[in-house]
Amino acid sequence: MAEPYSTFINKMSQFCIISPAAIEEYGNDIMYHPCGTGPFKFGEWVEGDHTTMVKNEEYWGEPASVDSVTIREVPEAGSRTAMLQTGEADMIYPTAADQLSVLEGAGDVDVHAVTSNIMRYVTLNTNVEALSDVRVRQAMNYAIDKNAYCQVMYSGYGTPATSAAPNCILYYQEQTPYDYDLDKAKSLLEEAGYADGFDLTIWGDNTTQEIKGMTFIKQQLEQIGINVEVLPMDPATVSDKIYVPLEDAEINMWYVNWSASDFSMDGSLRSLLYSTMCPPTSANTVYYNNPDFDKLMDDALATADTETLADLYGQAQKMAWDDAVWLFLGNDQLLYSTKSYLSGAYVAPDGCINFAGAVLAQ
């Protein structure tokens, strides 16, 4: 290459080829006409309900052993569990931690746990007056019991966040934790002029697990006088409200998660915190605009020296952490469940489902 590009090898792990003929035929509508060279090909998509893939008889490699795969959206965790128990579903993801005891006693179900590269966090829009003060954002972090969060949400199948990136990402550096400390949180709020608290809204998907997470955050922040209105929405609505120009932005807090599929520190941080990645371009709903942070990220992208990369990314993580850009929550293990007769289908650490090698024994 003409100059160093530190994430090149990571990017190559995500390398995809799009058919030039398909681009010419469909243009920007190609998302409605997916095509590829895998063991399955597109069958049907009903938005908000299901997507079906059918066996690709012309596949160049080992042919699929099942005729079709249907992925159905079922937001309610109990409903997913019931579908697996009755055999209406062969696999469910995610499996809610509070459903584990039911499934583990079913006899014909296997429960799987996968270490993930997924960050669980809440973004804080710094254009909201109260959230523009770093002391307020730090106070909110001190008011969240991260250990309780991991227990309530994932029955212990997770760990409190200790950086702005998961610990499985190269160049991760552990930061000084925001230990649960209500007195310190209240002191910081008083120092910032918000001793009596204030009101906020929190957005998130309308699934059982996401609503549970937002409710936990609401209850924690109420302890320091911050009143939070939980506003769950279907994912499409959340997306429509998030990715708008700044002048149209109504967001306060967003309960969300992120995984860098290329497992690079640049992939973990750039899309979420780089100054030019604010909506509608990308997901920097903090509206974080820190030239020093941007320079660290750019300098890291332009070097191949591992010691320099560790230093630059370490500084970037500390900067984002000290600026309390998010409510840093945790890194959970991914839980999914399958019928015992299903093998070869699995969930990858970034949350993607791979069913290329799926085999049904019955």
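Student: How do the axes of α11 and α12 cross, and within what distance?

Tutor: The axes of α11 (residues 291–301) and α12 (residues 306–322) come within 9 Å and cross at roughly 155°. That makes α11 roughly antiparallel to α12, a label for angles over 145 degrees. This is a predicted model: local features need pLDDT of at least 70, side-chain atom pairs pLDDT 80 or more, while totals for chains, interfaces and linings use all residues. Residues are numbered from 1 along each chain, and side-chain values use heavy atoms, without hydrogens or water.

Student: Which residues in α11 meet α12?

Tutor: D292, F293, L296, M297, D299, A300 and L301. Their partners in α12 include L309, L312 and Y313. Contact means heavy atoms within 4.5 Å.

Student: Switching to the largest nonpolar core. How many residues does it have?

Tutor: It has 73 residues. M140, L221, M253, L273 and W326 have the most contacts inside it. Members of a core are buried, joined through side-chain atoms within 4.5 Å; buried means under 20% relative accessible area, exposed over 50%, partly exposed in between, with a 1.4 Å probe. The largest share of this core, 6 residues, comes from α12.

Student: What is M253 in contact with, beyond four places in sequence?

Tutor: Among them are V122, M140, L200, W203, L221 and L327.

Student: New topic: where is D49?

Tutor: D49 is in the loop between β1 (40–46) and β2 (50–55). It counts as partly exposed because its relative accessibility is 29%. Beyond four places in sequence, D49 touches I71, R72 and E73.

Notes:
Axes fitted to C-alpha atoms, helices over the stretch in contact; angles between N-to-C directions. Helix = DSSP H or I, 4+ residues; strand = E, 2+ residues; numbered from the N terminus. Parallel < 35°, antiparallel > 145°, perpendicular 65-115°, else oblique.
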